[in-house]
Amino acid sequence: MSATAVRADCTADRAGTLTFDLTDLTDLTDPALAPAPAPVLLLRRRGAAGRKPGGTVRIPLSRSGPGRLRAVLPAAAELPEGRWDAYVEEPGPDSSEPAETVVEPGLRDLRALVDRCPDSGALSVSTRIPYPTLDGRLAVRCWVRAPHAEAGAVVPGPSGMTAEGVLYGVEAGEEAVVEARLPGEPTRVHRFPLAAPDGPSGGFVFTLPFAELVTGPVREEQLWQLWLVPAEGARGIRISRILDDVWSRNKSFVYPARPAADGVLATPCYTADNDLCVRLAPGPADR
């Protein structure tokens with residue numbers, strides 16, 4: 001492997017196929033070198049899941065030009081939800097262990113992912129977004145949701161928020177609600193009815209008054225998760241925003257804080273995994 005870092009340019013199409021064009025691989029494509037087993041692009045699921053069956057995906061690399069190799073991950077290829085780190089794997093000499101080289105991110109053309117609108121009858125929704133990690137590596141964030149509640153516009157008001165979205169894979173009945181849940185405290189659940197929007201099939205709208213989340217002193221930050229429950233007794237569906245090119249919204253989508261009670265501020269927010277929440281935190285009583 002070349003001492004120069006391996007870099008990959010990434011392109012996505014609307015169907016979800018990802019194309020990786022790797023550069024700085026001159027030693028792998030030099031015709032003067034003796035033939036050797038071809039390297040592959042390796043995607044390994046982060047965490048303990050990467051060591052289990054199915055936690056590694058190997059994608060063949062083919063020559064696409066001088067010093068360049070290409071790998072294609074088809075939209076139909078199975079890739080479970082999670083974060084997948086990219087490597088180039090070369091077979092080791094004399095049947096020794098294969099060598100792995102970290103892949104760095106190059107240009108990323110993700111325009112086709114912006115404002116994706118799957119068919120309203122889709123039973124599941126999946127998204128794959130190549131992104132640069134904090135330490136400069138290339139990774140792919142993958143979501144697979146069945147069913148899925150896609151968040152749309154979020155509008156904070158003086159004392160609450162209104163949010164809209166689209167539901168895939170299931171229909172919302174007359175008793176559908178949005179639940180605000182506080183992790184670790186199963187008895188603290190607040191329900192808010194849905195309203196029918198003038199938008200696409202499967203659309204939903206709800207209004208959440210911040211004061212209803214404050215049932216006692218708020219001495220430290222509380223992160224209330226938002227779930228859509230399509231019918232009485234049905235399983236909740238996490239409300240998230242994944243159908244575009246933003247792999248982590250927690251710092252790029254910032255909403256203003258509003259007073260929820262004396263000394264308590266409420267803020268709509270997204271997690272690093274793009275799940276919609278409401279954050280309660282102690283704040284000045286005069287805000």
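Student: Is Asn274 buried or exposed?
Tutor: This is a predicted model, and in it Asn274 has a relative accessibility of 0%. Buried means under 20%, so Asn274 counts as buried.

Student: Where does Asn274 lie?
Tutor: In the loop between β19 (264–270) and β20 (276–282).

Student: And what is the phi of Asn274?
Tutor: Near 70°, a positive value in a residue other than glycine. Most residues other than glycine have a negative phi.

Student: What about Asp115, what is its phi?
Tutor: The phi of Asp115 is near 55°, also positive, and Asp115 is not a glycine. Asp115 sits in the loop between β8 (99–109) and β9 (125–132).

Student: Buried or exposed, Asp115?
Tutor: Exposed, because its relative accessibility is 52% and the cut-off for exposed is over 50%.

Student: New topic. Which residue in the turn between β5 and β6 has a positive phi?
Tutor: Gly67, with a phi of about 70°. The turn belongs to a hairpin formed by β5 and β6, with two residues between the strands.

Student: How many bridges join β5 to β6?
Tutor: Three, and the strands run antiparallel. β5 covers residues 62–65 and β6 covers residues 68–73. Arg63, for one, has Leu69 in β6 as its bridge partner.

Student: Last one: which residues does a cis peptide bond join?
Tutor: Ala146 and Pro147, with omega at about -5°. Most peptide bonds are trans. Pro147 is in the loop between β10 (138–145) and β11 (148–156).

Notes: Residues are numbered from 1 along each chain as its sequence is written. This is a predicted model: local features need pLDDT of at least 70, side-chain atom pairs count only at pLDDT 80 or more; totals for chains, interfaces and linings use all residues. Side-chain values use heavy atoms; hydrogens and water are left out. Two strands pair if DSSP finds at least two bridges between them. Helices (H or I, at least four residues) and strands (E, at least two) are DSSP runs, numbered from the N terminus. Buried means under 20% relative accessible area, exposed over 50%, partly exposed in between (1.4 Å probe, protein chains only).
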